[in-house]
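Colleague: Before I use this model, I would like to go through a few of its labels and ask what stands behind each.

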Amino acid sequence: MVRVEPIANSAWAEARWLVIAPHPDDETLGAGALIATQAAAGRLAAVVFLTDGAASHTHPDAASRERLIALRRDEARQALSVLCDRAPPEILFLDWPDAQTDAVDERVMRRDAGRLVDLCDARGVTAMAVTALHEPHCDHAAAARLARAVAVAAVRPPVLFEYLVWATTPPPGARLAIRTEAVPPARRTRALDQHRSQLTDLMGPGFRLDTARRDMPATDDLYLVESMDAS
């Protein structure tokens, strides 16, 4: 049984947050309320996107792939501008290959964990939110492993929380979750609408986000990670 506490009544009411999203659109689907409320409070340090997002569509050539990567970056910036009321936080794109994160070299993991440790130190990050390790997508699990590497490597480790995008059950072993303050669902929907490449035929045949996902909750539940086991 997971105990759920309002974030305002929790030990992390004044935390400074780093949010890690596997792909552009996951930030809105899984952590949109966290991003919006913490940005409004001046406690959102940065949002990091793990992959380049290029695998949502097939590509006849390299130029097509690069166009989608550039478009998804722009969509991410626009979505964050909506969530953060036109004042988006620092954004970092790590550009891991979408849907191929299992093949990423361990040296790349260490390098980017080091970059995020430096970002946490520079921005005073005390809490991280990332997709859950048990999420049924390799990139979502890879983001969770990267966050664990950051927490292990940091001199002042941020507390780690997981959020859900595709999983339908809490992380195994989770005992405590904090619930964000509410945001208007319409604002979150407007942010998701910025991801046109995932919602329309803008880039031709490819992934289409189920329209049912537009009905997002006003709050996010963030599950406290108490073990850094990355298996």
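This is a predicted model: local features need pLDDT of at least 70, side-chain atom pairs count only at pLDDT 80 or more; totals for chains, interfaces and linings use all residues.

Colleague: What makes the space a cavity and not a pocket?

Modeller: A cavity is a set of points where a 1.4 Å probe fits but cannot get out, whereas a pocket is an open set. By this rule there is one cavity of 30 Å³ or more, and about 30 Å³ of space lies in the largest cavity.

Colleague: Which residues line the largest cavity?

Modeller: The lining consists of Pro24, Thr51, Asp52, Ile69, Arg72, Arg73, Phe93 and Asp95. Two or more residues each come from helix H2 (62-83) and strand E4 (90-96). H2 gives the most, with three residues.

Colleague: Why are strand E6 and strand E8 called paired?

Modeller: Two strands pair if DSSP finds at least two bridges between them. E6 (residues 159-163) and E8 (residues 221-224) have two bridges, in the antiparallel sense, so they count as a pair. Phenylalanine 161 has leucine 224 in E8 as its bridge partner.

Colleague: What makes strand E7 and E8 a pair?

Modeller: E7 (residues 176-179) and E8 are joined over three bridges, again antiparallel, against a requirement of at least two, so they pair. Aspartate 221 in E8 is the bridge partner of arginine 179.

Methods:
Residues are numbered from 1 along each chain as its sequence is written. Side-chain values use heavy atoms; hydrogens and water are left out. On a 1 Å grid over the protein atoms alone, a cavity is a set of points where a 1.4 Å probe fits but cannot get out, and a pocket is an open set with protein on both sides within 12 Å along at least five of seven lines; lining residues have an atom within 4 Å of a point. Grid points are joined across faces, edges and corners, and a volume is the space filled by probe spheres set on the points. Helices (H or I, at least four residues) and strands (E, at least two) are DSSP runs, numbered from the N terminus.
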